[in-house]
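Let's take a walk through this one together.

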Amino acid sequence: MKRKTAGLASLVLLMSVVSACGNSGGNTAASGTEAGGTTGSAGGTVIKIASQSPLSGSSSIQGEAIRLGAQMALEDRSQEFKDLGFTLELVPYDDQGDAKKGVANSEMIGADQAVLGVIGHLNSGVSIPSSVVYQKYNIPMISPASTATEFTDRKLKVANRVVARDDFQGPAAAQYAVNELGAKNIFVIQDKTAYGQGLAEAFRDEAEKLGATIAGYEAITVGEKDFNGVLNIALNKKPDFIFFGGLYAEGGLLVKQAREKGITAPFMGGDALDSSGMVEIAADDVKDSLYSSVATDITKTEDGKAWADKYKEKFNKNAEGYSVYAYDSMSVMLDAVKSSIDAAGGKIPTREAVRDAVRATKDFKGIATEVAFDDIGDNIYAKVFIYKFEEAAYPGSLVSEVSK
Amino acid sequence: MLSSILSSLPQVLIDGLALGAIYAVVALGYTMVYGILELINFAHGEVFMTGAFVGTATLFIFDDAGFLSSAPGWIVYFLVILISMIITGLLGVLIERIAYRPLRRAPKLISLISAIGVSFVLQDLIRFIAELITGNYIVSGISLFRGTFELGTSSLSSTFNDSFVKNNTFIIIGVAILLMLALDLFVNRTKWGVAMRAVAQDRETASLMSINVNKVIVLTFFIGSALGGATGVLFAQQYGTIDPYIGYILGLKAFTAAVLGGIGNIRGAMFGGLAIGLLEMFASANLGLITHGNFGSEYKDVFAFAILILVLIFKPEGLFGRAVKEKV
Amino acid sequence: MSGFKLALQNNKVLQLSLLAAFVLVSALSVYLTSRSVIAFILLLGSLLLLYYTSLSNGMKWAVAGLLLILVIPFATAGGPSHESYMEVATQCGIYVAMALGLNIVVGFAGLLDLGFVAFFAIGAYTYGIFATGQANNFIPGDLFPLSGDYFWVFIILGGIMAAIFGVLLGLPVLRVKGDYLAIVTLGFGEIVRIIFNNLEKPVNITNGAMGLSSISPPNLFGLQFTFPHQFYFIVLGILAVVIFGVRRFEHSRIGRSWKAVRENEIAAQSMGIPLIRTKLTAFAIGASFSGLMGVVFAAKQTFIDPSSFTLLESTTILVMVVLGGMGSVPGVILGAVLVTLLNLQVLAEFTGWLNQLSMQGIITLPNALSPVKMQRFIFGAILILIAIFRPHGLISARNRKIPLSQVKEGEAHEHPERSRTSQKVRRVNGS
């Protein structure tokens with residue numbers, strides 16, 4: 001089966017066409033990088049911090065918030081670094097909430113020697129595999145949002161987070177539900193994602209420990225709109241409290257459909273309900289629903305309010321819960337970079353140095369949270385906040401605050 | 001166990017009926033197109049989704065114009081459904097023109113691939129438009145009939161609990177029945193309906209009988225898609241929140257319904273839709289109970305797809321269809 | 001110009017030297033620039049050029065091997081982006097194997113499978129479950145996780161598992177025809193994903209939605225494989241076996257039976273081809289390719305969860321096969337590489353570039369329009385356009401129908417080739 005010549009003339013033409021395209025394309029690419037390079041070189045050595053979050057897909061609102069929060073912190077500090085002879089640059093990557101994309105991006109980040117740190121990711125399912133890649137390249141990462149226990153439990157040197165763990169958030173919510181609200185017969189729903197399941201299980205176990213009965217533990221499917229099946233079970237069990245581990249798109253519909261069915265039990269969810277989308281979907285039915293969050297309501301403090309106004313002015317968008325955590329994460333990262341620059345005598349520090357400096361962070365005071373990392377990268381000052389939607393308006397009002 | 005299944009049964013039946021009515025009307029679109037072209041119109045689920053978005057957008061426009069407060073709800077509802085039907089009907093015709101007609105003589109595999117392509121393009125187009133206008137592709141619309149009322153099913157028998165019905169559920173079931181009756185009448189009683197059935201039977205012969213086959217196919221796509229669009233509006237009204245990806249899995253289940261009822265068979269599709277809706281709701285409410293929590297409601301989709309596979313294997317002609325021998 | 005063309009057509013040395021020049025230029029530009037997607041794509045493009053030369057088959061294989069084993073790894077090693085290039089190349093390789101697997105089912109046997117990623121998932125989970133502590137949940141004795149030494153065995157096991165599931169799916173499903181089959185396989189793909197997503201009770205087998213993390217990386221005589229350039233060679237090795245296998249199958253008795261079944265089932269059956277067995281082997285072999293790569297994927301990611309195996313993934317693989325040309329091995333390879341590059345590099349780079357522009361205030365781009373989000377649109381458009389304008393894909397399959405007149409002339413082997421060649425020339429001229 002020897003094959004005969006196939007289009008030899010086409011070879012020439014193809015080649016010329018391809019190389020012509022290549023040349024023009026190559027030129028634009030090159031000029032693009034050059035342009036980037038020149039703006040960089042104006043201020044001296046470039047230090048890049050990458051951000052990775054879903055800029056597209058179903059959680060793009062939060063992902064965008066992370067990017068913008070990080071960008072704001074970076075721009076706020078850029079003069080400080082310019083004085084030291086460095087130019088800061090943010091390289092935003094889009095992980096699309098997809099582990100494969102996240103890992104591929106991480107390899108690119110690892111390859112770029114100018115990158116000294118990563119702010120991200122949003123989803124624990126992406127943070128976990130990506131952190132393995134960062135570990136290879138010794139790039140420290142600070143996640144402003146990933147709460148899965150597995151993320152830091154693998155004791156990687158690079159993985160840090162400023163927010164509370166699921167096995168802190170879930171139990172904190174359970175304590176509030178059982179001790180404060182007197183819930184005895186709790187119906188737990190989860191969405192079969194790594195996030196929802198982890199949270200719901202942590203909640204369920206703690207609630208049982210505190211003496212409440214679990215009336216049911218059911219699952220729904222992400223992306224569906226009809227949750228009557230699961231709610232019919234709940235209707236049957238007559239719970240006095242419903243907990244949902246999952247995202248706001250489903251949470252909003254659940255609470256709405258539950259009310260339509262005459263289920264009046266209080267409804268509570270995790271930090272993924274901490275979104276304006278929740279109110280948009282459930283409208284008036286959202287009233288009296290609760291959510292636990294790892295993010296504080298920054299508008300409570302003067303500084304926070306000023307910050308939120310600045311954010312709004314800068315990006316023409318309201319600050320989301322994660323914006324400020326991304327801001328604080330970036331600030332922690334930049335502090336670490338700065339201290340390792342000092343340690344290296346004003347020269348660009350190694351990634352290892354920055355990594356260790358991040359882990360060594362103590363008593364950092366940010367807009368939203370204080371930060372000090374323990375030996376596996378969890379923030380010992382991380383708190384869980386319980387909010388309640390008093391009105392059909394986002395955000396809800398803070399009703400309780402739990403620290404470790 | 002049995003008593004708790006029974007006590008929730010009336011509620012399960014009502015919810016299942018609402019869902020089933022939606023499946024049934026969407027299934028009609030699949031079955032009509034398949035009857036005529038022997039092609040699974042993969043994009044039909046997306047046409048349904050487009051209908052939901054068109055309806056929601058129309059309501060927003062009405063609201064901006066102050067029309068909502070001045071006109072009675074049912075007129076608005078009717079208008080929204082009508083507008084959505086016209087737009088999705090035209091969309092269906094457009095899809096046929098662009099993606100299916102050039103391939104009518106091509107192998108089936110090729111038209112199927114084109115159909116899948118259409119479905120992806122539509123998803124992304126709607127996503128794009130929704131995101132551009134509202135900033136988020138998950139859109140919550142305006143609900144026209146928000147109320148619910150309690151049905152005293154417990155007075156029927158003490159084993160039952162009371163059940164709650166949304167007003168919109170009645171509208172869904174009512175509109176679905178109306179649409180199906182209208183379609184049934186159209187297909188069986190009008191000249192165009194006869195032409196449609198003739199083309200479905202034998203395209204060549206029909207064309208010899210001076211039936212304009214192309215026109216009939218266009219008409220079929222228009223009607224099937226318009227039905228899908230109308231259901232989209234009903235769906236958006238029932239659940240309040242829509243996104244561009246609602247059509248894919250729902251379409252698959254509606255197709256299951258069409259297959260269950262016997263593809264190409266309009267009454268079969270109605271029956272299949274209701275059956276799948278009821279079964280799905282029953283499964284999701286009771287699977288956990290029956291298996292003692294080992295396999296919960298998260299398996300309800302497995303259940304739906306398993307029905308599809310079983311029907312296709314053991315009774316591919318469906319419950320009401322006639323077996324077709326392949327011509328060599 | 002035409003004289004040059006003619007000279008080129010007959011002069012292998014000239015072809016080879018042109019190819020070498022092209023490789024040299026593109027390899028140098030990859031080597032010298034710190035990160036240039038275009039240079040990298042051009043370097044990969046040299047393989048396409050190689051395909052169009054009139055070298056003998058053995059020669060082509062040798063040159064391709066040289067390019068893949070030596071030139072590409074070394075050229076990319078120049079800049080800091082070495083691992084990033086290698087990651088992309090590795091993922092390309094994984095998708096090529098999967099697309100070749102799907103090509104057997106769709107392209108050769110004509111059975112449209114829309115749930116193909118299920119087999120990839122089965123391969124990945126086969127390794128994932130045993131290379132983490134997960135298997136301790138249902139196998140007593142605390143034997144797990146297995147060390148990375150077992151990876152090599154599991155490549156085979158993953159393939160076998162996927163093949164078994166391919167047959168299990170095939171057995172009931174093959175009574176179903178044509179577009180029904182498409183729907184059923186779509187349902188099957190979803191069922192597999194839902195089951196993997198939920199199988200943490202009653203017995204915890206897959207760890208459900210939480211996924212499996214800390215999967216042991218491969219280990220060979222104490223050498224741990226963690227970097228993409230190491231996986232690149234694993235993938236390359238498997239790919240060589242897969243491509244060799246596919247070419248063998250294609251022209252064997254079973255390959256011809258597949259194509260006969262594709263063209264007309266009833267006719268094929270009446271010619272004595274066992275229908276069920278033929279279709280089942282297509283399913284089994286196609287699935288096994290996917291399973292092999294699933295194992296590699298699990299080891300490379302060190303974390304798998306059901307969200308990596310969605311419908312979109314199945315469709316992506318289908319797009320690769322359709323774009324490249326159903327039934328055409330070189331076409332499918334090209335399709336897989338193109339789509340993977342598009343997915344991983346081109347769209348991301350383009351978005352990054354647009355973002356940069358909008359940050360500098362040159363253009364304003366609504367977030368909704370960002371190219372990375374347009375994946376579905378692009379895939380959909382590719383499917384429609386290919387279906388309408390080029391149903392045979394970029395590189396059409398070789399054995400095409402031969403017009404009766406030419407058969408009578410007795411030059412059946414020459415003419416279709418030549419007419420195709422001139423067609424291609426015209427097309428290139430036109431563009």
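Start at Thr302(C): this residue follows helix 12 of chain C and has a positive phi, near 60°. This is a predicted model, in which local features need pLDDT of at least 70, side-chain atom pairs count only at pLDDT 80 or more, and totals for chains, interfaces and linings use all residues. Residues are numbered from 1 along each chain as its sequence is written, while chains are lettered from A and ligands numbered from 1 in the order in which they are written.

Now step back into helix 12 of chain C itself, residues 275–301. Helices here are DSSP runs of H or I with at least four residues, strands are runs of E with at least two, and both are numbered from the N terminus. The helix has 27 residues and reaches 39 Å from first C-alpha to last, close to the expected 39 Å (1.5 Å times one less than its number of residues). Of those 27 residues, 24 are buried, so helix 12 of chain C is largely enclosed by the rest of the structure. Buried means that 20 or more other C-beta atoms, placed from the backbone, lie within 10 Å of the residue's own; 12 or fewer makes it exposed, and in between it is partly exposed.

Over in chain B, you'll find 12 helices and 4 strands. Its C-alpha trace spans about 65 × 55 × 35 Å along the principal axes, and 59% of the 328 residues of chain B count as buried.
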